[in-house]
Amino acid sequence: MDKLKAFETFVSVATKGSLTAAARAEGVAPAIIGRRLDALEESLGVKLLMRTTRRITLTHEGSAFLEDCQRLLSDVANAEASVSAGGVKASGHLRITAPAGFGRRHVAPLVPRFRELHPDVSISLNLSDRVVDLAAEGFDCAVRVGDLPDSSLVSVRMADNRRLCVATPAYLARRGTPQQPSDLLQHDCLTLSSDASQTRGWAFRTPHDSGHEVVHLRPGGPLDCSDGQVLHDWCLAGFGIAWRSTWEVEGEIQSGQLVAVLEEFAAPPNGIFVVFPQRKHLPLRVRLWIDYLKHHYAQPGYWQKAVL
């Protein structure tokens, strides 16, 4: 339990930004918080935090450890709740937010089914591609896709997400199959026109002297659009090559409607996460929703199905 308390202290200091704030929240002296951190760093053999009189910053090891600690503490809380809740039923209002495209395919279809299991829970689903401030706007949790910015939110990784170049068999028969990323410059590529999206271009993992490195290309073509669903539809119609997420095209690759190209150059996957504010006692309805999503996303073959 002492180690668990040390993890809780580290998360509190990292998210609150100071020993004083963490000590105030726990009702102890800042010196006690400092001693716990010193002991934790000594036991791990790494520096987790850089502390000065003005600020606290996470080291590289500290950033990685923070995510692990948040996940561990969340799992412990869920385990305790599953025992202590016993026959208590989930109730109240659950407010969820998710990206529009992902939410339509992989969140919205699951919401009515979840409520059938928990009829005393009412649910509001917000689909938006902007990053919603959960605390300020009163949301319980969010589904987010991609690399997460540093924040005080707790994150639980649900699944991996890859980005692949895809095209129809008819397009590839007509124009040929690219063999390396630079070949895309000779193809009709369907790209996002929004300045706020894919600003660095399409990412590829290429051989390098020291192994591999991720490079970004900005291919072009006669068609672009600010809406990803439109690019997806144009790709299915055979108008060119698109760079799409596996959550969007896995089912169509499986059925043969689309073909993945340049797979050996695909960049390392990012993640699909559920994030929620740091809380000592997460409401049962939120814990059950997170477990419900994790269960479905982990099902064999889930991402290969065409979820509409």
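**Entry 1: first helix pair.** Right-handed here means that the near helix is turned clockwise from the far one by less than a right angle, and left-handed means anticlockwise. The contact draws on Lys-5, Thr-9, Ser-12, Val-13 and Lys-16 of H1, and on Leu-19, Ala-21, Ala-22, Ala-25 and Glu-26 of H2. I count a contact when heavy atoms lie within 4.5 Å. By class, I get five nonpolar, two polar and three charged residues in the contact of H1 with H2. Ala, Val, Leu, Ile, Met, Phe, Trp, Tyr, Cys and Pro count as nonpolar, Asp, Glu, Lys and Arg as charged, and the others, Gly among them, as polar.

H1 covers residues 2–16 and H2 residues 19–26; they pack at an angle of about 125°, with axes 8 Å apart. Axes are lines fitted to C-alpha atoms, for helices over the stretch in contact, and angles run from 0 to 180 degrees between N-to-C directions. H1 and H2 are therefore oblique to each other. The cut-offs: under 35 degrees is roughly parallel, over 145 roughly antiparallel, 65 to 115 roughly perpendicular, and the rest oblique.

**Entry 2: what I am looking at.** The model is predicted; local features need pLDDT of at least 70, side-chain atom pairs count only at pLDDT 80 or more, and totals for chains, interfaces and linings use all residues. Residues are numbered from 1 along each chain as its sequence is written, and side-chain values use heavy atoms, with hydrogens and water left out.

I find eleven helices and 14 strands in the chain. Helices (H or I, at least four residues) and strands (E, at least two) are DSSP runs, numbered from the N terminus. Of the 308 residues, 44% count as buried. Buried means under 20% relative accessible area, exposed over 50%, partly exposed in between (1.4 Å probe, protein chains only).

**Entry 3: the sheet.** In what order do the five strands of the open sheet run? I read S4-S3-S5-S14-S6, with mixed pairing. Strands S4 (121–127) and S6 stand at the edges with a single partner strand each, so one side of each has no neighbour in the sheet. Neighbouring strands are turned by 20° against each other on average, direction ignored.

Next I checked S14. All seven of the seven residues in S14 (270–276) are buried, so the strand is largely enclosed by the rest of the structure. S5 (141–145) pairs with S14 in the antiparallel sense over four bridges; two strands pair if DSSP finds at least two bridges between them. S6 (154–161) also pairs antiparallel with S14, over seven bridges. Val-274 of S14 is the bridge partner of Val-143, and Val-156 stands opposite Val-274 as well. Asp-160 stands opposite Gly-271 of S14.

Helix H11 (284–297) lies across S3 (92–98), S4, S5, S6 and S14, at about 45° to S3.

Entry 4: H9 (228–236) and H10 (246–255) have axes that come within 12 Å and cross at roughly 15°. They are therefore roughly parallel to each other. Their crossing is right-handed. Gly-228, Gln-229, His-232 and Leu-236 of H9 meet Glu-248, Val-249 and Glu-252 of H10.
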